Amino acid sequence: MAFQNLPIKRKMMLVIMLTSITALVLTAASFIAYDLVTFRQSLVRNLKSISTIVAENSTSPLIFDDEDLATKNLSEFKVDPHVRIAALYDADGNLYARYPANAPDSDFPPSAPATGEYLESSRLIVVMPSVEDEKVAGTLYVESTMGAVYERLRLYGGLAALIIFGSALVALGVSSALQRRVTEPILALVHSARMVSDRTDLTVRAPKTSGDELGLLTDAFNLMLTRIQEHTEERKRVEESLAFLASIVHSSDDAIIGKDLQSRVVSWNVGAERMFGYTAAEIIGQSIARLLSPDRPDEESQVIDEVKRGEIRHFETIRLRKDGQPVEVSLTISPIKNAKGDIVGISSIARDITERKRAQEALEQHASVLREQAQMLDLANVMARDLDSRIILWNAGMEKMYGWAKDEALEKNSHDLLHTRFPEPIENILAILHRDGRWEGELVHFDKGGRQLVVASQWVLHRDPQGKPAAILEVNNDITERKRAEEEVRRMNVELEQRVEARTAQLTAANHELEAFTYSVAHDLRAPLRHIDAFSRILAEEFAASLLPEARRYLEHIRNGSRNMSQLVDDLLNLARVGRQELRRRPTPLRILVDEVVADLRRETQGRHIEWQIRQLPTVECDSGLIKQVFANLLSNAVKYTRPRQKTVIEVGSAKANGGTAIFVRDNGVGFNMKYVDKLFGVFQRLHRAEEFEGTGVGLATVDRIVRKHGGSIWAVAGVDQGATFYFTIPGLDEHRTAVPAIS
Amino acid sequence: MVWAALIGSFILFAARASEPSSDKQTKSKFLINFAQFTDWPATAFGNDNEPLIIGILGTDPFGKSLDKLADDEVLRGRHVQVLRFRKVQEIRICHILYISESEERRLDRIVQALKEKPVLTVSEIEDAVTHGVIIQMRAENKKIRLSINLESAKAAHLTLKSKLLRLGQIVEPAKK
């Protein structure tokens, strides 16, 4: 048996016994060890003293060679039974005499060993010289067995065993007397505990016999018993009150149902059996779901979520009996909490309100229908239908509009009757209706004769006094004619647009043709012009002498005219080229273009005092050749129209205009009347007479075309004698973050 | 010269032949070793440095062997000196006296002359102890045995150790 399972009585005795025996054994062992050591020393001492005497007495036989006497001397060792052999060696180290006299040579060392004591495991050897008058006469060799030691060990061992045995007996007596004092209170405690557990007698108390830890344990045990007793009595009281409550539940007419959090039934009273037809045995452990009405699938889970948050819900709903019949019930759902306040289940108390509900509903429906009839009967085309779209109201307006008599319409499904086409899925419409309580839209209906009607329809959701949707009121107006008119207008608009588009296309084509024509004419005009110019120059230079002054003047007119025409043709060709040419955009610093143009104008501006104010200009993605033409035109115009000024100021820069950035060229020249600003950019449109300022009237038209071709715009601001400012924009100007002053 | 050498070696040979040399040596050793077992009265020596003198009276039976042994011997803390005497009158100081067999006829006179003097007398003459000699050496079974006259030793103020006494045969002096 393992030590742990021994009775505590045995354990204590074992401990005491083992302790005392261990102490005794250790003591005895150390005593014996000590004694053996000292005994061995005395053994050596004894042997040495005997040997000394023998050695002393053996000098004369050795010196005077008396072997008999030597042998006789050695026989002195007889007194010590442990001396096994002894010998005398003469001065030369030869074996001389031996003891016992008949011992064989092989027992002895062949010659005298060195003086000393040799303690070996089983024998003790003493070798000493035999000395007379300071002269060594020979050597004595004595060999003693250690038998004495072992004998003594045996004796002591026996003695120690006896003492230990005796002590153990005494310890047994003492320990059994002592352990009783310790174990008795424990055994008493055990006995009391057994009484409690075997007989479930909680009045038992353990006797307290000591004030030590065991006494404390006994007190604690008794206190625990008292507590358990109190607890048990308390529980009995609780059970009684529970039984009382249970009988109330049992006898209630209401169905009282307990569910766990997974909606499984855990309790089911007689009221519930009566109301739903299931016995407790059938339903307990099953899900409550089988009671739920299939048309309210989410109701239970919603309610349970709320109840799990600790709310108590009262509502009315429909439940299914075992036989499949619906039962209208008023429900109170509340959480069941445990002692810690955690929700561990749900209680449902249901009361059958089927009859009450049915009566009430009928009354309400009737009343509300009457009310609505009264209000709307003659005002509009009104129908009412229940939630399944069955027509429950059909007024005179409806009869007239659709051709269906009231009797024909009532109880029919309204959508089937009228072949309703919805502008969006009916589910969406119903969702809006339930959300907002109303819906408006256009429907397509067919009347009794199969004629298609477009109606403006207004739906209103009618709710019962509980707020539950009960019926839908629908008011329809025939808008078929209006729709037809609208459709006509739209069709005509489309037609008009198409016509405009066609015209525009024709116009564009004609423009292109015109342009091509202009180009070819201008091109073809250059050759005859060059002829006219060349021959009139030859005439003027070669035949000047033979010509009358008048003829020379006319000739000069011809040459001026042909030069102007040549310029005009060039300008027109340029204008046409701009229209045809593809743009070659690349990043261009505008400042460089302006500087080049100013340099090109130097010949024209020679002798004039012109102050060029060229501000910071951005780098823009553009066709640099064309934009250079823009600057060339604008700047040469500026130079041209400032000619009458004593001091000319021409400014080029960028500025904020019309919400973007624009490049401007400003001069202090003669300007123009803003009344004619529209004509400024037309071909051959001139605001000044050619006698005042020369020009073909093509330049600004070209500028306008270049700017527009870049996707930009151009405009001018001026006043008569107040100078002019030309602005143009091209895309990409705003991308450059250059500080630009706003136009002042 | 050659003759003299031959004669010398002959004499030596003859001497050796008369008595075995080992016997001579053993006897010399005995003579010297008696000193170890004998206590002389303090008056026997003048001072501590005086040698122990072994005297030989009459014909010397030991020859060189005794001298050889005596030369490097120290007995009872004293060097040993061997002196040879022809007549008893020559003996002035002597601690051990060997009385040769040649003196058999004069033995009683010699004993008388040394009476009460601390001299350990040793002899091989038959019945010497009964005539008052202290130790007599005799051959027995090829070994030398001792006879001791304790009375004479006492008379000479000498103490013989018991260890020596146990070796020998104690003899009472003859009543005359």
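This is a predicted model: local features need pLDDT of at least 70, side-chain atom pairs count only at pLDDT 80 or more; totals for chains, interfaces and linings use all residues.
Let me begin with a term: two residues are in contact if their C-beta atoms, placed from the backbone, lie within 7 Å. By that rule A:Val720 touches A:Gly671, A:Phe672 and A:Asn673, leaving aside residues up to four places away in sequence.

Residues are numbered from 1 along each chain as its sequence is written, while chains are lettered from A and ligands numbered from 1 in the order in which they are written.

To return to A:Val720, this residue sits in the loop between β21 (713-718) and β22 (724-729) of chain A; helices (H or I, at least four residues) and strands (E, at least two) are DSSP runs, numbered from the N terminus.

I turn to the sheets of chain A. Five strands form an open sheet in the order β2-β1-β5-β4-β3, with antiparallel pairing; strands pair if DSSP finds at least two bridges between them. β2 (95-99) and β3 (116-119) stand at the edges with a single partner strand each, so one side of each has no neighbour in the sheet. From one strand to the next the twist averages 15°. Strand β1 (residues 83-90) pairs with β2(A) over four antiparallel bridges, and A:Ala86 stands opposite A:Tyr99. Helix α1 (residues 8-57) packs on this sheet, touching β3, β4 (123-132) and β5 (135-145), and its direction makes about 30° with that of β4(A). Axes here are lines fitted to C-alpha atoms, for helices over the stretch in contact, and angles run from 0 to 180 degrees between N-to-C directions.

Another open sheet of five strands in chain A has the order β7-β6-β10-β9-β8, again antiparallel. Its edge strands are β7 (265-268) and β8 (313-320), and its twist averages 30° from one strand to the next. Eight antiparallel bridges join β8(A) to strand β9 (residues 326-337) of chain A, with A:Thr317 opposite A:Val329. Helix α8 (residues 299-308) of chain A lies across β8, β9 and β10 (343-352), at about 25° to β9(A).

Next, a helix pair. Helices α18 (residues 624-641) and α19 (residues 699-709) of chain A pack at about 145°, with axes 9 Å apart. The residues that meet include A:Leu626 and A:Val630 in α18(A), and A:Leu700 and A:Ile706 in α19(A).

Finally, chain B. Strand β5 (residues 96-99) of chain B pairs in parallel with strand β2 (residues 52-57) over four bridges, and four bridges also join β5(B) to the parallel strand β6 (residues 120-123). B:Ile54 stands opposite B:Ile96, and B:Tyr98 opposite B:Val122. Which way do the side chains of β5(B) point? B:Ile96 and B:Tyr98 point one way, B:Leu97 and B:Ile99 the other, and all are buried. As for the meeting of the chains, eleven residues of chain A are in contact with eleven of chain B. On the chain A side, helix α2 (residues 59-63) gives the largest share, four residues.

Definitions and conventions: A residue is buried if 20 or more other C-beta atoms lie within 10 Å of its own, exposed if 12 or fewer, and partly exposed in between; C-beta atoms are placed from the backbone.
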